[in-house]
Amino acid sequence: MTSEGKKNDQASMTLTGHLRELRKRLVVVAIVLIACILISLSFAPRIVKALTDLGTGMGYEFVYLAPQELLLVYLNIAFISGIVLSLPVLAYQVYGFCSPGLEKKERTFTKMALLGGTLCFLIGVAFARFVSLPFMLNFLIQFSKDVEISASISIDQYVSFLLTVFIVFGSVFELPVISVLLTGLGLIKTQWLIKARKVMIVVIFFVAALITPPDVVSQVMVALPMILLYQLSIFLSRLVEKRKKKEA
């Protein structure tokens, strides 16, 4: 066998080994995800009660309009909760698959990015739960004070609204981590973020108008943290660039 043939065989074996490792890690993620969903399903009624307590304390009443609606809400809650619970395992498997091809500094940077992303997502969810949502719900129910209309809300629509807000705020709070990661990889520059700031503010208010109820207060409650996070992203990206210059 020629040397070229040996190289091709070695390359194909390496690719096969990577595919086998990827398959094993995907199987682990799938098993953990299914287990987390099943566990979350047993806690779904408690989670729904915790979410509805936020609204009932302000005068909301909740109903379900179809026989299967409450069951579907439980399944939806279990699915999303299962994904959130399995995120650490997913992050670990992604890091384990990519780490052999990374240098020591890159491994440390990847670990910090994964940990920082998880923490920022949880902070975003907590901010939505304890700051934004109480303000939004209280503001919206004020419109029923002067009229004889009770706030009887479909449980499916209510939970969907809350989950959307949680996911949006969790994703928005990932902005600094994404900016630092892209700056560290050299894909974006701080100067680009500064130049695009005015345009991004307009885009942020447009996105806030799409994902919030049609009132100015809710839009501002979503847009203001996004603007502050964008400014934080500029600050962190500048620090990363300064560190890269010193190392160079």
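This is a predicted model: local features need pLDDT of at least 70, side-chain atom pairs count only at pLDDT 80 or more; totals for chains, interfaces and linings use all residues.
Phe62 is partly exposed, with a relative accessible area of 21%.

- What is the geometry of the rings of Phe62 and Tyr158? Their centres are 4.3 Å apart and their planes meet at 50 degrees, so this pair is tilted.
- Phe62 belongs to strand β1 (residues 61-63) and Tyr158 to helix α4 (residues 155-172), so the pair ties together parts that are 96 residues apart in sequence.
- The structure holds 4 aromatic pairs. One of them joins Tyr60 and Phe62: with ring centres 6.5 Å apart and planes at 15 degrees, the pair is stacked, because planes under 30 degrees apart count as such.
- Are Tyr60 and Tyr158 buried or exposed? Tyr60 is buried at a relative accessible area of 9%, and Tyr158 is buried too, at 4%.
- Phe62, at 21%, counts as partly exposed because the buried class is kept for values under 20%.

**The fold and its extent**

- The protein chain has 8 helices and 2 strands. In sequence order, these elements follow the pattern α-β-α-α-β-α-α-α-α-α.
- Why is the chain described as more spread out than a compact globule? Its radius of gyration is 23 Å, well over the 18 Å that the globule rule gives for 248 residues, so the description follows from that comparison.
- The C-alpha trace of the protein chain spans about 85 × 45 × 25 Å along its principal axes.
- If you count contacts in the protein chain with a separation of 6 or more, 84% of them are between residues 24 or more positions apart.

**Surface and charge**

- Among the 248 residues of the protein chain, 32% count as buried.
- The accessible surface of the chain is about 15,900 Å², and carbon and sulfur atoms account for 69% of that area.
- How many charged side chains are there? The protein chain carries 24 positive and 15 negative ones, and the centres of the two sets are 15 Å apart.

**Glu174, a buried loop residue**

- Where does Glu174 sit? You will find Glu174 in the loop between α4 and α5 (175-184).
- Glu174 has a relative accessible area of 17%, so it counts as buried.
- Which residues does Glu174 touch beyond its neighbours within four places in sequence? Glu174 is in contact with Gly117, Thr118, Cys120 and Phe121.

- Leu72 is part of helix α2 (residues 69-98). At 47% relative accessibility, Leu72 is partly exposed, because exposed means over 50%.
- Leu72 and Ser179 are 107 residues apart along the chain, and their C-alpha atoms are separated by 37 Å.
- Gln142 is found in the loop between α3 (104-141) and β2 (152-154). Its relative accessibility is 37%, so Gln142 counts as partly exposed.

Conventions. Residues are numbered from 1 along each chain as its sequence is written. Side-chain values use heavy atoms; hydrogens and water are left out. Helices (H or I, at least four residues) and strands (E, at least two) are DSSP runs, numbered from the N terminus. The radius of gyration is taken over C-alpha atoms; the globule rule is 2.2 Å times the number of residues to the power 0.38. Buried means under 20% relative accessible area, exposed over 50%, partly exposed in between (1.4 Å probe, protein chains only). Contact means heavy atoms within 4.5 Å. Accessible areas come from the Shrake-Rupley method with a 1.4 Å probe; for residues, only the protein chains shown count as cover. Lys and Arg count as positive and Asp and Glu as negative; His and the chain ends are not counted. The place of a charge is taken as NZ of Lys, CZ of Arg, CG of Asp or CD of Glu. Rings of Phe, Tyr and Trp (its six-membered ring) pair if their centres lie within 6.5 Å; planes under 30 degrees apart count as stacked, over 60 as edge-to-face and the rest as tilted.
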